[in-house]
Amino acid sequence: DSTFGTNKYGWHLVFLVGVDANFNTCILAVALISNNDTPSFEWVLQQGKAIGIDPVTTLLDGADEEHKAAAKVFPDSQLMLCIYHFGIINVPKNLRGAFGEQWPSARSAFWSSYYATTVELFEHHFHNLKQIADQCLDFKVKSRVKTIANNLEGIVVESSGGTTTFN
């Protein structure tokens, strides 16, 4: 994710951040780029790759330019939207109005699905979200909910009982 206009010249600050075995974040690399375009992001990621960054999973903010660059430079990495951009920004922005009065229930079902620690809990809460969607959404918005479901697939949850992957 790059910040917007971080200096008086309007350059964008890009952080490459990693997570260690204890779930601590650490800054792996930092770059200033003059454009938020695919070639600029490719250059940043190639520089990261040159110093040994080779992620299993890459979290992105949803910008097409970042996604294209990450897919090219790290073709074996699973590309996912980070929860901030996905759940806190994009879901409310795209679905709040469509759910209308059902928004609080839909939001609760979404977050319950996201934080589920077993496949059974995930399926239960996501089924509730789909029922709410069927009650109040038109076809166009239902396709957005399907996109959300596709983004939730592959989430890995670590718990004291082991690891659960939602597929």
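V17 sits opposite I27 of strand β2 in this predicted model, where local features need pLDDT of at least 70, side-chain atom pairs count only at pLDDT 80 or more, and totals for chains, interfaces and linings use all residues. Numbering runs from 1 along each chain as its sequence is written, and side-chain values use heavy atoms, with hydrogens and water left out. The two strands involved, β1 (residues 12–19) and β2 (residues 25–33), pair up antiparallel over 8 bridges. Pairing here takes at least two bridges found by DSSP between the strands. Strands are DSSP runs of E with at least two residues, helices are runs of H or I with at least four, and both are numbered from the N terminus.

The turn of this hairpin is worth a look. There are 5 residues between the strands, and F23 lies in that loop between β1 and β2. Its phi is positive, near 65°, and F23 is not a glycine. Most residues other than glycine have a negative phi. F23 counts as exposed, at 61% relative accessibility; the cut-offs are under 20% relative accessible area for buried and over 50% for exposed, with partly exposed in between (1.4 Å probe, protein chains only).

F15 belongs to strand β1 and counts as partly exposed, at 31% relative accessibility. In a regular strand, side chains alternate between the two faces of the sheet.

As for charge pairing, the structure holds 1 salt bridge, meaning a side-chain nitrogen of Lys or Arg within 4 Å of a carboxyl oxygen of Asp or Glu. The side chains involved are those of E42 and K72, at 3.4 Å from N to O. E42 lies in helix α1 (residues 38–50) and K72 in helix α2, so the pair ties together parts that are 30 residues apart in sequence. E42 is buried, with a relative accessible area of 15%, whereas K72 is exposed at 57%.

Leaving aside residues up to four places away in sequence, S77 touches P55, V56, T57 and T58, a contact being heavy atoms within 4.5 Å.

Zooming out, the protein chain has 6 helices and 6 strands, arranged along the sequence as β-β-α-β-α-β-α-α-α-α-β-β. Of its 167 residues, 34% count as buried. Among contacts with a separation of 6 or more, 41% come from residues 24 or more positions apart. The chain exposes about 10,400 Å², with carbon and sulfur atoms supplying 53% of it; accessible areas come from the Shrake-Rupley method with a 1.4 Å probe, and for residues only the protein chains shown count as cover.
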